[in-house]
Structures are given as C-alpha cells and as structure tokens.
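Biologist: I would like to learn how to read the place where two chains touch. Could you take me through it step by step?

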Amino acid sequence: MSDSKLLIVEDLHVTYNTPTGLVRAVSGVSFELGHEKLGIVGESGSGKSQTGRAILGLTATGGTVGARRLAFKGTNLLNASERTMRQVRGSGISMIMQDPKYSLNPVMTVGSQIEEALLIHNRTSKRVARERTYEMLRAVKIREPERVYKAYPHEVSGGMGQRIMIAMMMIPEPAIIIADEPTSALDVTVQLQVLAVLDDMISERGMGLIFISHDLNLIASFCDRILIMYDGRVVEECTAAELEQAQHPYTRGLVNCLPRLDGGQDELPVLKRDPSWLTTPGATR
Amino acid sequence: MIDIEGLDVVFGHGKNSFHAVRDVSLRVEKGQSFGLVGESGSGKTTVLRALAGILERVARVSGDMTVAEETLLRHRSQSFRRRVQMVFQDPFGSLHPRHTVDTILSEPARVHKLDRIEQRVVHALEEVGLDASFRFRYPHQISGGQRQRVSVARALITGPEIILLDEPTSALDVSVQAEVLNLLMRLKREHGLTYILVSHNLAVVAHMCESLSVMQNGSVVETMSVQQLREHSSTMPYTQQLLTASLGYDRTAIDAFEEFA
C-alpha cells in the first residue's frame, strides 16, 4: 500500500434483512481515496449514503457490512472493536451530515459542542480548547466567534449552522472528511460559500474528502474525481472534467435530463433504465 | 389573465410583525408560464398563497389582485377555486396518508359538484401517465414521482385554467424531475393552461417559463424574459450573483459574493 492512499475500500457490501427479504443497499463498491476530493453521486436509494456510513461503522442495526478490504491508513475497519472505531471516528475520519438543525445538539451551546469534539480526542486544558474553538470559528469565516460560541443552535442561521458543523468536524484534525449532502438544505449562494470554506481547509490541511450528493453539477464543479452509483454499485468512475464525455448510459442519462439555463423548452430526455445495468460488473479501473 | 398590483403581506402585529411581501406587482398572460425565483424567505411562496387565498388568518394582505377579470376579495369564489389549482412541493405532505388515490382525486370533483366523477378520476390519472390500477392505492404505496403525478391529477380534475406550482420538483430525483417537467409542459400545451412556477432553481424556471421575477426579502428585484436571463443581460447585481451561483462551484467567483440585505 502506498502512503498516499488514505482509505481503501474493496468490494463493500451492505445488506439489510427485512421482513420482505434481503435488501442489498451496497453491492460490491470499491475505491481508493487519496488527498483529493472524491464525489459520490447517485439518486435516492443508490447506496451512496450507505457507503459513507459503512466506512464509519454507522450502519443501522439490522444491516450487515462485508468487504474484502476496508482499511484506513493501514487500520482494518472491518472487524475493528468499538474502542478502535471510537478512535477513528472524529480524529481519523469524521462526517458532516445534511441538516445542522438535526445534527447539532439543541441544548448545548455551539462553543461547548465544538470543544467537546476536541476534548474527547485530545488531552488539553479547557482554556486551550476554548482558544482553539475561537480559532476554528474564525477559520470557517464566522465573524463574531465570541457571540456564536455562546449561542445555541436555534439562534444561528442554516448556513452558519453548517459552518459550525464543519468547525466541529475539523477540530480533531481528521485525515478524511465524509460529507453527506452537506449543503443540500441551504440556499445556493450560501451553499457555495460553505463549500469554499470546506475546500480551503481541505487543501490547506491536505485532507481527503468524500463528498456525497445527488447534485451532479455541483459535484462536477467541486470534486476532482466522481463515482456514479446506481442500485448499490459504482457504474462509472471518471474525473470531474470528463463527466460530459461519460460512457455509461446511466451517467449520460443523468447529465442529459437536467434542465439547462441555456437550453430550449423542448422535452427533456428521460432516463430509460436498462435492467442490464443491474447485472454488469461495476466500473473497471 | 393574472394581474397583481402592489401586493403587501404582513404577518403578526406591532414589534413582532414581519413584512413578508412588499409592493409586488406582476402580470401573467393567458397560456404563459411565469417564474418566481428567489432564495428561502424571499416571499415567493407567500405571493402564490396570497393569490390562491390560502394564507393563514394572521396574515394581513393588501393590494389588488385580478384573475381572469375577477377581482379577488377577501374570500375566493367557488368558481375561482375551480379555475385556479395548486401543486405543492412535498408529495409526502400534500396527499392524505389514509385516503386512497381514488378518494384524493374524487374529493375536489365532489366539492365542485361535478358529474361523472369516476370517469374524471380515471381520465385524470391517464393524463398524468398512471393507469387505473393506481386508483385504489395509498400514497405510501407509490413512489415520490408517482405521488407528484397524483398531485397534478388532483389539480387537473376540476378543469382549471391556472395552476400554481410551488417547487413542484424540488423533492424529486433529477430523472424523475425531467419526467414531471415534461408532463407539466405537455399538459400546458394540451389544455392551454397558465402557470405560475415558484422555484429556487433557475435552470428549471429557464426551461419552463417565458418570463420571471427575481424576489429578495419580499420585493421583486427584477422582472425579465427568460431570453434576457440566458443572455446574462440582467442589470441587477443580486440576479447576476444568483446566476453565477447556479452555474456551479467556482472558487474565485465565490470570493466576490456580496451579502444582500
């Protein structure tokens, strides 16, 4: 294994045993992550979020995760103990969720939540932690860190809430960030401003990012490399710049069915699903 | 067809009052699609709800609204309610979870005392591309896209002239969005419908509409044709920023973003 690979995922499967039978949420996903921005795009039910959660061992009860290999910097995550996973989560890999309204603790101040993230992983004094929190809030472009530090989550806007989430996830200095639809609940200009904050921090600190989204345009313009998922598989992998020349009919269908600003008012091409997409092996590398 | 002149909507009283819509005027010709674009809290949905007459009681509405030569007063007439229908954003929240599709579709027909209800239900389903087997299913048994088709069918059943669309596809996957947009375009052609489409997605509005108003903080910033939008000939910085943002992530452009308050 070369040092530049932060995460190796080989043949990842997530299955759920439901009363109506076995549901394969993820079937045979493989990829490697280096110091880069990797986008995973797909429609609802494609398994993109399940992939992100499985990496962190956050698959819901009833789900089974299997893989040939699931390694973070040489640590095997597949059969890791809860103790090891607690070490990895936060300081190794951390996750930014979609909606700050639901993923911040409503009864803790913003400042104490961010500090908690640091204090769990590092032995530092409360005073140092507070300084670092202010620093972090300034880094995510929050203008009055002293005021926001004392605020409760309901007192801040959606865009600020998401910056707070980023601050909280960044403070233990993880090597990888998994961002699951981190800005889908935000207005488009705020969304881009939040992404710019994330982008700058990732390139300054040389981290790896897995960016999960349904928004093809956003992923193509934000990420370096893209995995396109359909029904639990990666059907295509390409660099962001190559998306327009994508080969797989599903990817092409997704690109074409978007209404365009400069397009006409003609019928949009509709995606015709081909059953063979479900059986052909995943993207080859 | 639709004429709104100096519309103001205020929620609450005194210190706690909130001026949601400020002096909004717009005109939509028959058979046109008109887009209302803006970020959250810009008042676009409130304009639509004020027109439909479904704002909460606490809202104080002033201004003149005329729809097809009918001046709108505080209460909407039965014929207005038949001729103007609405499709909402969330197909989960806007269909009764314990009513079958058949019940959902026949209710507006019963309210408006229409005849041949069963035929109308089957016909409306056919028009939105669902076969008659959907009649006796419940909303949770069908997909999001199919649910939104049912919402459109419910709007169609009274034979409306105007349909107000409030973010009709923003809860849907892009492949399903394309199908629903195509459906709405076809229905408009076939029935000569007039649409007002509220959306935060500029590309969707550019695809569906002939002209649009950009709203911000309750006011209309700019009204223009979609052609002008495509040619980037907008003069207002707010519109230009919205346009830049909708083109995707561009690190250098973001530093130039301004706060508009």
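Biologist: How many residues does the contact take from chain B, and how many from chain A?

Modeller: In this predicted model, the contact takes 31 residues from chain A and 26 residues from chain B.

Biologist: Which element gives the largest share of the side of chain B that touches chain A?

Modeller: Helix H6 of chain B does, with six residues. The elements that give two or more residues to that side are H6 (174-191), helix H7 (202-208), H9 and helix H10 (251-255), each of them in chain B. If we sort the residues of this side by kind, twelve are nonpolar, eight are polar and six are charged.

Biologist: How are helix H8 of chain A and helix H9 of chain B placed when they pack, and at what angle?

Modeller: H8(A), residues 188-205, and H9(B), residues 237-246, pack at an angle of about 55 degrees, and their axes are 9 Å apart. Angles from 65 to 115 degrees would count as roughly perpendicular and those under 35 as roughly parallel, so these two helices are oblique to each other. Their crossing is left-handed.

Biologist: Which residues meet there?

Modeller: From H8(A) come A:Val188, A:Thr189 and A:Leu192, and they meet B:Gln241, B:Leu242, B:Ala245 and B:Ser246 of H9(B). The residues of this helix contact divide into four nonpolar and three polar, with no charged ones.

Biologist: What confidence scores come with the prediction?

Modeller: The model scores ipTM 0.84 and pTM 0.88, while for chain B the mean pLDDT is 92, with 100% of its residues reaching 70 or more.

Definitions and conventions: Residues numbered from 1 in each chain as written. Chains lettered and ligands numbered in written order. Predicted model: local features only at pLDDT ≥ 70, side-chain atom pairs only at ≥ 80, totals over all residues. Axes fitted to C-alpha atoms, helices over the stretch in contact; angles between N-to-C directions. Helix = DSSP H or I, 4+ residues; strand = E, 2+ residues; numbered from the N terminus. Parallel < 35°, antiparallel > 145°, perpendicular 65-115°, else oblique. Left-handed = near helix turned anticlockwise from the far one by under 90°. Contact = placed C-beta atoms within 7 Å. Nonpolar A, V, L, I, M, F, W, Y, C, P; charged D, E, K, R; others polar. pLDDT = per-residue confidence, 0-100.
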